[in-house]
Amino acid sequence: MKISKVYWLASAALLTSAMGAQAADLPFRKAAPVEYVRVCDAFGAGFFYVPGTDTCIRISGQMRAEETFRPGAPTNNPNAYSYSLAGNVYKRDLTSFRARGYLNADSRTQTAYGTLRAFVSFRITNDSTASGTTGGGKAVGLGTPAPSTGAFQGNSPVVGSAPTLDKGFIQFAGFTAGRAQSFFDFDAQSVELLTNSVANSNQPTELFAYTATFGQGFSATIAAEDRNERNTGDSGFQQNGGLVNGVLTATTQQPNATRAGYLAYSGETIPDFVGNLRYDGSWGSAQLSGAYHQVSSLPVTLAARTVAGPAGTVIQPGDADGFAVLGGVKVLLPMISKGDSFTVQGTYERGAMDYANANNYFNGLSNIYSNNTSVGVPVNDAFVRPDGTIALSTAYGAYGNFRHYWIPEVSSSIYGAYLKIENPKSAQRLGAGADNARIFQVGFNTIWTPVKDFQIGAEVLYSNMQLTGLTTLLDNPATTVSPRNPDDYRVRASVRRAF
């Protein structure tokens with residue numbers, strides 16, 4: 001037995017030695033070192049290096065939950081924003097709900113030409129859905145997305161709540177290309193929850209721009225921006241079937257011997273050209289902006305004989321040159337309280353209404369609810385005169401706000417705006433929608449920040465619009481006239497969490 005044990009032990013030792021010798025002859029690959037995510041402090045808080053690159057990236061976003069209340073909204077009025085999917089009249093909702101989320105990615109790389117930046121922001125919104133035939137509920141088919149109407153602001157129903165590219169641009173060596181905030185804008189309604197103030201421009205848009213930095217806080221930008229993002233006043237033609245083979249044919253919308261007609265834009269041939277001169281310093285900032293906006297019309301059909309021809313004549317109006325200018329100043333007031341500021345700006349437009357009342361994106365003031373009636377705010381860029389020429393609208397206004405921090409966690413803002421809109425007399429004969437108007441607004445909000453990047457706020461906005469033009473159609477004196485001096489109140493509660 002002892003001899004057997006010795007034999008087996010010797011055999012195991014020899015086998016182990018042989019295996020070890022063979023293993024030593026095999027190639028050996030060292031495990032790749034683990035590359036941990038590193039903080040990038042070159043561009044501020046929240047950035048980190050993309051592993052294996054010298055690019056820094058920051059992922060951020062925001063979630064918003066809001067409820068809005070508008071007393072005075074029309075209820076049983078068939079002509080005032082009835083959203084029954086069956087076309088029936090129903091009691092109008094006085095409250096509206098919104099859930100909105102943003103998801104942002106910001107990547108930056110240092111180069112010999114400066115910072116190379118790519119930024120993208122997606123926005124997803126779901127508003128109160130369209131009411132059913134009895135005044136409530138989601139009257140949609142099985143598996144069909146509920147329409148996200150934005151009806152509380154007076155918008156037409158929009159099917160679904162698909163993600164929207166809020167912003168997406170590349171910046172390099174002073175150039176900006178993509179979808180970014182218009183370089184015309186200054187304050188861009190920074191203190192508001194409702195973003196319904198007038199005398200303001202707040203428009204992300206597609207653009208190509210170059211910014212020159214001069215030092216000492218001064219810079220200047222020139223940009224070519226998408227004109228169609230700024231067109232206002234012509235959407236009703238496409239929705240109401242006023243176009244036949246590209247020509248406007250509804251007689252109530254066409255120029256005749258006594259009045260102008262609404263202008264419907266033709267295709268964009270020249271972009272909006274925008275420029276600004278800006279200063280940013282320790283005391284605040286200031287900016288002068290200007291924009292050129294081409295106004296061009298589709299062919300129109302005369303509704304009655306004019307100097308341009310007999311009734312039924314198709315004419316092609318020539319183009320017109322619209323423009324807008326802005327001047328603004330923001331002053332920081334740390335001597336009152338840290339974070340305090342005061343902002344004031346003035347705006348003038350001619351044939352470029354969106355620069356003075358930002359309707360196309362953040363839904364500036366487009367309608368006022370008063371005494372069970374919805375009154376439209378005149379927002380047309382231009383009209384076609386009886387002789388076939390284009391007549392431009394004009395508007396000028398002022399806007400200001402003051403933000404104060406009572407304590408670091410609680411702030412309040414008060415803001416006000418005034419806008420005067422003037423339309424040609426021949427256009428005013430179309431009715432109240434083409435009147436002259438004077439709009440006055442005042443708003444107030446308070447925001448509590450119990451923890452960092454989490455806000456609970458409430459806001460009230462009062463608007464008054466005085467219509468000052470002609471009150472009836474000359475060719476239809478029996479036309480119903482909208483209230484001449486309507487008031488509008490909006491109250492909103494908002495909860496926002498940024499990350």
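Contact here means heavy atoms within 4.5 Å. With that in hand, V37 touches F48, Y49 and P51, leaving aside residues up to four places away in sequence. Please keep in mind that this is a predicted model, in which local features need pLDDT of at least 70 and side-chain atom pairs count only at pLDDT 80 or more, while totals for chains, interfaces and linings use all residues. Residues are numbered from 1 along each chain as its sequence is written, and side-chain values use heavy atoms, with hydrogens and water left out.

**Around V37**

- V37 is found in the loop between α1 (2–25) and β1 (48–49); helices (H or I, at least four residues) and strands (E, at least two) are DSSP runs, numbered from the N terminus.
- V37 is exposed, at 54% relative accessible area (buried is under 20%, exposed over 50%, partly exposed in between, with a 1.4 Å probe and protein chains only).
- From C-alpha to C-alpha, V37 and V50 are 7.1 Å apart in space, and they are 13 residues apart in sequence.

**Charges over rings**

- The charged end of R38 sits over the ring of Y49, 4.4 Å from its centre (the cut-offs are NZ of Lys or CZ of Arg within 6 Å of the ring centre and within 35 degrees of the ring normal).
- R230 lies over the face of Y355, at 3.9 Å from the ring centre.

**Aromatic pairs**

- The whole structure holds 11 aromatic pairs (rings of Phe, Tyr and Trp, the last by its six-membered ring, with centres within 6.5 Å; planes under 30 degrees apart are stacked, over 60 edge-to-face and the rest tilted).
- F175 and Y210 have ring centres 4.8 Å apart and planes at 50°, so this pair is tilted.
- Because F175 lies in strand β6 (residues 175–181) and Y210 in strand β7 (residues 204–215), the pair ties together parts that are 35 residues apart in sequence.
- F175 is partly exposed at 49% relative accessible area, and Y210 is partly exposed at 34%.
- Y262 and F383 form a tilted pair, 5.8 Å centre to centre with 40° between the planes.
- That pair links Y262 in strand β11 (residues 261–262) with F383 in strand β20 (residues 382–384), 121 residues apart.
- F383 is buried, at 0% relative accessibility.
- Ring pairs link F218, Y279 and W283 into a cluster.

**F69**

- F69 has its place in strand β2 (residues 56–69).
- With 37% relative accessibility, F69 counts as partly exposed.
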